[in-house]
Amino acid sequence: MSREGPMPILAELYVATRTRNTANADTENLPVLVVKRGPDIVFTKPLFGGDFRTARGAGAVWRFDVREVNLDSADLSVQLWASGDDAWSPEHVIAWGVAGNRIGDERVIPLAAFLDLASPVTPAGSGVWISGHMDKGERILFVPSVDRGRDATRARRLIVISATEAYGGMFPAAAGPGGNLEETGTVGPLTLQGGGAGRLFLSYTLPATPQGDLGHGAAAFYVVDLAAPFSRSDLEGGAFTLTIGSEDWWKPDYFAVFGVDTVNAGPRALIPFVAASAFELRQMSSDPSEGWHSVVLPTAKVLPQRPIRPDVDIDDVEGVLAARIPHAEDQQPIPERRMEPGANSET
């Protein structure tokens, strides 16, 4: 992505990952986030919070306050560097920024995404591995840059990110019923729906997974295939909602929904639909005395879309982009670097 004039200064920077659910994919050596512009490092900090965030099959999300860095959001590249010899094998990695300091008026700025680094059927010794030991993996994971697409760019899959109070490094926690902080989590079910203009585009119940899911102080990263693609324009006049189906109550610390414009690998665009902090979210329960049964999620605000040249028809642009998206049956197997089983072990 190239500069087209001044870009907003980021207030916050987020990274979300999911570790593969396979032997030795976990690590005790959390990677270091490195953000560069050209050859220059403009921000770097270790991922934090304990190795449960990079445990086998775990989802995680990190929030960094970058207000004092004066970090221009243009032309940034995102990397994860190994911090030790204990190898880590991620399945998905995404990064985004938030510009603005007024709650409810922030702009969500997609930065980078790397999905499908491995699939559920990828052999345990294959996939992508990150390690400071050259025999165990690559030292640096380069996360490809993305933009937000256009208002008419249709999502073919969704990414859903959740964090439940009190998730470390997020926002101030609120105690549960009777002042019990441990009761902020739930086993669900929790259903995400999205629609606009009289149409329901999505109805997705968050599944039970090896992640912490909706438990107290836990985070989760879900990828959802869509039966019918939809865009931010398609949602005009509509929104996403959450509905809880249990009487125990759940208090989210963060909740985000992004679309991706590819059916596998990629993407080129990370489409912000929802990115809401605890200040914009409500405690939920099917018991009306303990919370809201259903809530409308705030729609993510974004930067203005880039102008299209007068001689280019936007419908043609969307059609060309859609035509370039490969179908699964057209894909050839991607060679995977083989590793010896157990290569993740400490030496």
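**Stop 1: Pro 229**

Select Pro 229 and show its surroundings: leaving out residues up to four places away in sequence, Pro 229 touches Arg 154, Ala 155, Arg 156 and Asp 234, where a contact is a pair of heavy atoms within 4.5 Å. Before going on, know that this is a predicted model, in which local features need pLDDT of at least 70 and side-chain atom pairs count only at pLDDT 80 or more, while totals for chains, interfaces and linings use all residues. Residues are numbered from 1 along each chain as its sequence is written, and side-chain values use heavy atoms, with hydrogens and water left out.

Pro 229 sits in strand β12; strands are DSSP runs of E, at least two residues, numbered from the N terminus.

**Stop 2: the open sheet**

Switch to cartoon and pick out β12-β9-β14-β15, the order in which 4 strands make an open antiparallel sheet; two strands pair if DSSP finds at least two bridges between them. The edges are β12 (219-230) and β15 (270-277), each with a single partner strand, so one side of each has no neighbour in the sheet. From one strand to the next, the twist averages 15° (axes are lines fitted to C-alpha atoms, and angles run from 0 to 180 degrees between N-to-C directions).

Zoom in on β14 (residues 252-260), which runs antiparallel to β15 and is joined to it by 7 bridges.

**Stop 3: β10, β13 and β16**

Next, select β13 (residues 239-244), which pairs with β10 in the antiparallel sense over 6 bridges. Thr 191 has Thr 243 in β13 as its bridge partner. β13 also pairs with β16 (residues 294-296), again antiparallel, over 3 bridges. There, Leu 242 stands opposite Val 295 of β16.

**Stop 4**

Most residues other than glycine have a negative phi, and most peptide bonds are trans. Here are some exceptions to check.

- Glu 165 and Ala 166 are joined by a cis peptide bond, with omega about -5°; Ala 166 is in the loop between β9 (155-164) and β10 (190-196).
- Gly 188 to Pro 189 is cis too, with omega near 5°, and Pro 189 lies in the loop between β9 and β10.
- Asp 75 has a positive phi of about 60° without being a glycine. Look for Asp 75 in the loop between β4 (59-65) and β5 (77-81), partly exposed at 25% relative accessibility.
- Asp 116, also not a glycine, has a positive phi of about 60°. Asp 116 is in the loop between β7 (107-114) and β8 (140-143) and counts as partly exposed at 30%.

**Stop 5: the cavity**

How many cavities of 30 Å³ or more does a search of the whole structure find? The search finds 1. On a 1 Å grid over the protein atoms alone, a cavity is a set of points where a 1.4 Å probe fits but cannot get out, and lining residues have an atom within 4 Å of a point. Grid points are joined across faces, edges and corners, and the volume is the space filled by probe spheres set on them. The largest cavity holds about 30 Å³.

Select its lining, including Thr 27, Pro 31, Asp 86, Trp 88 and Ile 130. The lining residues divide into 4 nonpolar, 5 polar and 1 charged (Ala, Val, Leu, Ile, Met, Phe, Trp, Tyr, Cys and Pro count as nonpolar, Asp, Glu, Lys and Arg as charged, and the others, Gly among them, as polar).

Technical notes
On a 1 Å grid over the protein atoms alone, a cavity is a set of points where a 1.4 Å probe fits but cannot get out, and a pocket is an open set with protein on both sides within 12 Å along at least five of seven lines; lining residues have an atom within 4 Å of a point. Buried means under 20% relative accessible area, exposed over 50%, partly exposed in between (1.4 Å probe, protein chains only).
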